[in-house]
Each structure stands twice: as C-alpha cells, then as structure tokens.
Amino acid sequence: MRGARPEAAVGIAPTAARRFRVRPRTWPSPRPVPPSTERAAASLKPGAADAARGRRRPETPLSQSRGGQGWGPSLSRRAVMLARVSRAAGSWAWLSCAAAPARPLRWAQRCVAAPVRPHSSRSKEKLDVSVFPVENIRNFSIIAHVDHGKSTLADRLLEMTGTITKTEHNKQVLDKLQVERERGITVKAQTASLFYNYEGINYLLNLIDTPGHVDFNYEVSRSLSACQGVILVVDANEGVQAQTVANFYLAFEAQLAIIPVINKIDLKNADPERVEKQIEKLFDLPEDDCIRISAKLGTNVERVLQHVIKKIPPPSAHTSNPLKALVFDSTFDHYRGVIASIALFGGQVQKGDKIVFAHTRKTYEVNEVGILTPDEQPTHKLYAGQVGYLIAGMKEVTEAQIGDTLYSHKEPVEPLPGFKLAKPMVFAGMYPVAQSEYNNLKSAVEKLTLNDSSVTVHRDSSVALGAGWRLGFLGLLHMEVFNQRLEQEYNASVILTAPTVPYKAVLSSAKLIKEYGKEEIIIINPAEFPDKNSVSEYLEPTILGTVITPDVYMGKIITLCQARRAVQKDIIYIDEQRVMLKYLFPLNEVVVDFYDTLKSLSSGYASFDYEDAGYQAADLVKMDFLLNGNTVEELATVVHKDKAHAVGKAICERLKDAIPRQLFEIAIQAAIGNKIIARETLKAYRKDVLAKCYGGDISRKMKLLKRQAEGKKKMRKIGNVEVPKDAFITVLKRQSDK
C-alpha cells in the first residue's frame with residue numbers, strides 16, 4: 001500500500017479526489033506551534049503530532065491510519081473532510097484542522113475564508129479626496145476626429161501620472177467594450193481620475209476620453225457638460241478633418257478652454273507647420289499655443305499636463321453650498337443596479353446620505369461613492385468640483401435619467417439645465433429571431449438604452465416578423481454598434497430591418513387631423529405613410545454636411561453630391577491642398593451608402609460630418625410591393641418621386657432572388673398607388689408533359705401544353721405566396737455590397 005493512490009484507499013471518485021487531493025507541502029516560513037496545540041497533538045495517536053505540525057510521515061502506510069479509512073498518517077476522517085474543504089477554499093489549514101478533532105465545525109469555519117465578491121468594495125481601501133481643494137481640481141476632455149490618437153494620448157497620461165503601470169500592452173485602456181477594441185474606435189465616453197504633482201502641489205485631474213465619430217456626437221456633448229476645458233487633438237499627417245471642426249464648435253459653444261495638440265509628429269509624412277496654420281485659420285487659435293507631441297512615443301506629453309493645469313480653470317463650485325450633482329452618464333450592473341457618473345456642482349455626498357432625483361422625485365440612500373482610476377475606487381466622500389460615480393440601489397433602468405439632477409432630500413435645489421434631447425436620424429425595425437425570446441430581448445434593450453440614452457424605442461409589430469420595436473439611432477454606425485453590443489453583451493440575436501428616416505406630413509383631411517390631434521405628424525414607419533389625397537405637403541429631414549478633401553478629388557465629390565440631390569452652400573480653401581465643401585443634403589440620400597462611396601472616390605482621404613438642418617418640402621411617394629397581386633406591408637418604403645423607378649426595380653430583383661419558386665408563376669411588382677412602375681416574374685416549376693410524346697401529330701402536344709397552362713392559371717388564382725423570414729432579412733437588411 002506504500003505506493004497506493006490516496007483516493008483508492010479512501011474509496012472516493014477519482015475526479016473528486018483529484019480536485020480535493022492534498023499534496024505534501026512545506027511552509028515557506030514555519031509557524032511556531034502554540035503549547036495548546038502541542039498538548040492536543042500529543043494526545044493523538046503516534047504520528048499525529050507530526051501531522052499537527054504540518055509534516056507527513058511517508059513511511060506510515062495508509063492502511064494503518066484509522067483502519068485503512070484515513071487520509072495520511074493517523075488523521076480522523078472528519079479532520080480529512082475539513083482539510084479538503086479548507087484546501088478547496090484556497091487556504092492551507094492542516095495545522096488547525098488536524099489539531100482540533102473535537103470541535104470540527106468551528107475549526108472549519110475558521111479555516112475557510114469568507115468569500116469576497118469581485119464587485120465588493122470591502123477589498124479596496126477607501127481614498128480620502130478631501131485633500132484636493134476646488135482650486136486644485138481640473139476637469140477636461142479629449143476631443144478629436146476618428147483615429148487621431150485620443151485613446152493613445154489618454155494611455156500616456158494614465159502612465160505618466162502613475163494611474164496604471166507602464167507596459168507594452170497599454171493600448172486603448174479606457175476602451176473597455178469589446179466592440180471598441182474590435183473596431184478600433186471609441187464608442188462610449190470613459191472617465192479616469194489622475195493624481196499629478198506640479199511645482200510641489202498635488203492636483204486631481206478628471207479626464208474624459210470621448211468618441212470621435214459623428215454618430216456619437218451626443219456622447220461628446222454630454223461629456224463636455226462635466227468639464228471646464230478640452231484637449232483638441234489633430235493628426236500632424238491628415239490635418240484638420242470634418243469632425244475636428246464639429247467638436248471644436250461644441251467646445252466653443254460651451255465656453256470651454258481649448259488646448260490645441262498636434263499628434264503623430266513621429267510619422268514620416270508629418271507636417272506640423274501646415275497643421276498649425278490650418279488651426280489658426282479655422283479656429284483662430286495662435287500657432288504658438290499648439291503643442292507638438294507623439295502620443296505613441298510619449299514625446300512632449302508632460303507639457304500637455306502642464307498646460308491643463310495652467311490654462312484650464314478650476315470648477316466654479318463650493319463645498320459649503322447644498323448638494324447639486326449632474327448625472328452625465330450611467331451603466332447597469334447586475335449585482336449593484338445602476339451606477340451613475342456624476343459631476344458635483346456644489347456640496348458633498350457620502351455613503352448613507354439620502355438623495356432625491358429631480359426628474360423622478362424618488363428618494364434613495366447612497367450605498368457607495370468613489371472615483372474611477374480607471375477602475376472603481378471607493379472614497380469616503382465626493383466633494384464639489386469632483387467627478388465620480390454613485391451607487392444608490394437603483395434596480396430599474398428607468399430610475400436613472402441621464403441629464404437629471406440629484407440633491408439632498410433636506411435641501412432641495414433648482415435643477416440643472418440637463419441636455420438637449422438627441423434627435424434620431426435613422427430608424428430601423430428590430431425583431432427577435434424567435435418570438436419566445438421577446439422578453440429577454442426587451443430586458444436587454446432596456447439595459448442597453450440606459451447606457452446609451454440617445455437611442456429611442458417605440459413598440460412595433462409586423463405580420464411576418466411578429467412583435468418588436470422601431471428604434472431610432474443617430475446614424476448608421478450607431479445602429480451597427482448597438483446591434484453588435486446586443487449580441488456580445490447580452491447574447492441576443494435580432495432581425496434588423498432596412499434603415500429609414502423620419503418624415504413629416506402636413507394633413508389636410510379633417511378626419512385625420514381629429515384622429516391625430518394635430519395637423520403635422522411624424523412618420524417613422526413607411527407602412528403608416530398617409531395617402532396623397534389627405535396631405536397638403538410632405539416634408540423630409542435635411543442635414544448640413546461638411547466634406548473636407550484634398551482638392552484633386554473635388555470634381556468627383558461635387559458630382560456625387562449633385563447625384564444625391566444636394567445643394568451647395570459654401571466652398572472654403574483651408575490651404576493650398578485642402579478644401580472644405582458645405583452642402584445641404586436630404587438625409588435619406590446620405591444615410592445608407594454615401595459615406596462609403598465618398599471614401600472610395602477619395603481613396604480614403606475625404607472626411608464627412610453633418611448636423612441637423614430641419615425639414616424641407618419634397619415630392620415623396622409611398623412605394624408598395626405586391627406578390628401575386630397581394631400587398632406586403634413590411635416591404636413598403638418611402639422614396640423621392642424622381643428615384644422611384646430605380647429603387648423599385650432594384651428591390652424587385654432582390655425579391656426575385658430571395659423568394660423560393662412555387663408550382664405557379666409569381667408576379668413581383670412595385671407600385672405607387674394603382675400604378676405599377678417595376679416588375680419581375682418568378683417562373684413556376686414545370687413538369688415536362690411532352691416527355692411521353694415521341695413523334696405523332698402536333699395537335700396532341702398542343703393539347704397537353706394547353707391543359708397544363710390552364711392548371712397553372714387556376715393554381716395561381718387560389719395560390720397564396722408565403723414569404724419566408726429569411727427572404728425578409730435578405731431584402732430588408734442593408735446591402736453589404738453598397
């Protein structure tokens with residue numbers, strides 16, 4: 001038995017034995033054994049004293065310990081069980097458990113450490129941020145065009161202030177979402193608090209890294225509300241781009257201090273002098289104020305921190321004032337509920353305080369406050385001028401409204417202005433793949449819209465696809481990212497229909513005006529588009545688009561804009577090589593494939609940005625699609641009258657490929673009112689009825705063909721075309737080849 005396996009002696013399953021087996025182990029530094037333990041060990045059988053001291057005697061056969069049923073030399077079976085529990089819990093408790101067989105449960109309770117939940121704040125030492133007066137606090141954001149180096153600069157600032165350890169793997173540290181790392185873009189604004197000593201004074205710097213794509217402009221505007229200044233990053237190679245201009249004016253309108261930074265000066269084709277002249281011409285910022293850096297190599301990044309302290313003013317807030325805080329962001333945690341990101345404009349807040357949300361009028365008790373470094377770091381209190389997070393046991397996603405003001409229940413205050421409501425530019429239908437998944441998808445959409453308040457949700461239903469929603473997004477990329485986050489974060493699989501834009505109709509029918517209660521209605525679902533006879537005019541949304549491009553591509557881009565019914569508003573030459581074009585676009589012409597076509601025509605050098613420009617009158621028509629003479633409502637779309645034929649023909653061709661063939665011929669038609677403008681025919685399956693006719697009179701063959709044609713005609717009259725769900729997905733989804 002000397003070489004026998006322990007599990008064979010005990011008689012337990014090998015799998016469990018491998019999981020709980022206690023191997024011989026030597027302590028790194030031997031602990032002194034107390035006298036009481038020595039006496040208890042001496043009262044045991046021979047060899048138990050050695051086990052009590054943490055030593056094993058390999059020469060003792062397993063069969064000699066408690067009748068061959070023990071584990072190791074002279075240990076009781078109960079002690080063995082306790083040792084296994086202790087080992088599984090991650091603590092080596094041989095000494096304690098073996099020496100006290102008389103009171104095993106209490107000893108086991110001492111051996112097994114209490115588990116600490118990973119989200120719990122008990123394992124973190126609370127910081128004291130009261131040492132930072134308001135004059136030593138700086139709140140700032142990093143804004144830039146896509147891929148100009150915002151996240152890389154944020155990584156260097158975190159390393160330089162000692163917030164994170166400097167390693168080669170520090171890339172996009174603040175981009176925590178999987179979709180952000182896969183696409184290489186920032187989707188969600190992220191906050192981090194930095195501690196920096198400058199000229200012997202300790203400063204608390206609250207950094208917010210913002211997205212750069214036009215679709216996430218709302219994230220940028222919300223983040224700027226918690227700041228007093230911004231770092232405007234421009235690529236030394238590409239120069240000022242469309243989103244650079246848009247973000248500058250957001251910061252300028254908010255009256256924030258602006259620090260221009262020229263990044264990527266280490267690139268071979270970098271031309272910082274040219275970029276400095278562009279910044280001075282467009283933004284009226286002196287060339288001397290520009291800081292040339294390389295965020296990748298860390299060159300001159302220290303100067304950026306120094307300029308943040310010198311040029312960005314501290315927040316105008318006082319601790320002596322009543323508590324007033326703005327909720328500028330929020331996330332949802334399954335264990336702790338809603339985690340609100342707040343900026344304090346007065347007073348202080350700590351655990352145990354009772355707070356009230358101005359919008360919902362609900363009272364909560366604060367469970368935890370802290371700052372982000374960039375992980376959550378609990379603090380004793382948060383003070384006026386600081387940016388941090390707050391947890392107050394809000395379990396419902398509707399309880400935390402972004403833009404809401406929170407205050408102490410003892411001292412009500414005037415609510416802060418909050419944010420302008422985001423205007424959805426693109427609408428799409430979203431349906432679960434199986435209706436049994438409806439409730440799970442509903443919960444996922446609610447939690448994700450808490451994290452992204454710019455998405456609007458309306459209940460919708462379809463005969464073919466079942467119950468679902470009509471969601472409003474800020475752009476096409478926003479829609480794709482939302483769908484990707486649903487799949488990755490909530491494991492939800494959905495059907496997303498073709499994107500449409502919101503139209504308006506001015507009603508002339510008294511019956512419809514009474515039904516809707518107003519003369520002007522917004523149409524987000526093409527199936528609800530009112531008839532021309534009851535409407536005085538239709539209105540379509542427009543945008544003011546800004547295109548910045550090298551002048552060599554200007555001719556192609558002007559031709560593209562004219563083909564999209566755009567009206568030219570302005571042309572500005574930024575320098576000898578770059579030009580800025582301003583056009584008034586119908587949103588419907590831009591939403592699907594304009595950006596991809598623009599990038600293709602300009603070899604990737606042109607950039608595009610847009611802002612809402614209201615509605616204008618347009619000659620719009622509703623296009624219906626008929627299968628075998630029956631209208632399919634889910635395929636209805638709204639198009640401009642001039643482009644109706646081209647759009648109708650394209651969708652009919654896609655339907656012909658998507659719908660399976662039947663035993664009878666199917667006519668696929670696009671119609672405007674009662675007028676058919678495009679048609680495709682899906683041929684029927686046919687049997688070769690002439691196969692048995694070899695030679696003979698032609699009249700016999702004609703008789704068989706005539707009989708078959710009559711049968712097909714009769715079948716077509718009574719036949720009903722069932723459009724499979726896969727065909728709807730193929731036709732409705734945005735075409736990947738565009």
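Contact here means heavy atoms within 4.5 Å. This is a predicted model, where local features need pLDDT of at least 70 and side-chain atom pairs count only at pLDDT 80 or more, while totals for chains, interfaces and linings use all residues. Residues are numbered from 1 along each chain as its sequence is written, and side-chain values use heavy atoms, leaving out hydrogens and water.

**View A. Ser 141 in strand β1.** Let's start inside: Ser 141 is buried at 0% relative accessibility (buried is under 20% relative accessible area, exposed over 50%, partly exposed in between; 1.4 Å probe, protein chains only). Leaving aside residues up to four places away in sequence, its contacts include Ile 208, Ser 223, Leu 224 and Ile 231.

**View B. Helix α10, residues 217-224, is mostly covered.** Six of its eight residues are buried, among them Tyr 218, Val 220 and Leu 224. These buried residues pack against elements including β1 (137-144), β3 (201-209) and α14 (438-451). Helices (H or I, at least four residues) and strands (E, at least two) are DSSP runs, numbered from the N terminus.

**View C. Glu 540, Arg 565, Glu 589 and Lys 643 form a salt-bridge network.** A salt bridge puts a side-chain nitrogen of Lys or Arg within 4 Å of a carboxyl oxygen of Asp or Glu. Glu 589 pairs with Arg 565 at 3.1 Å, N to O. Lys 643 also meets Glu 589, at 2.9 Å. Glu 589 is buried at 9% relative accessibility, whereas Arg 565 is partly exposed at 21% and Lys 643 is partly exposed at 27%.
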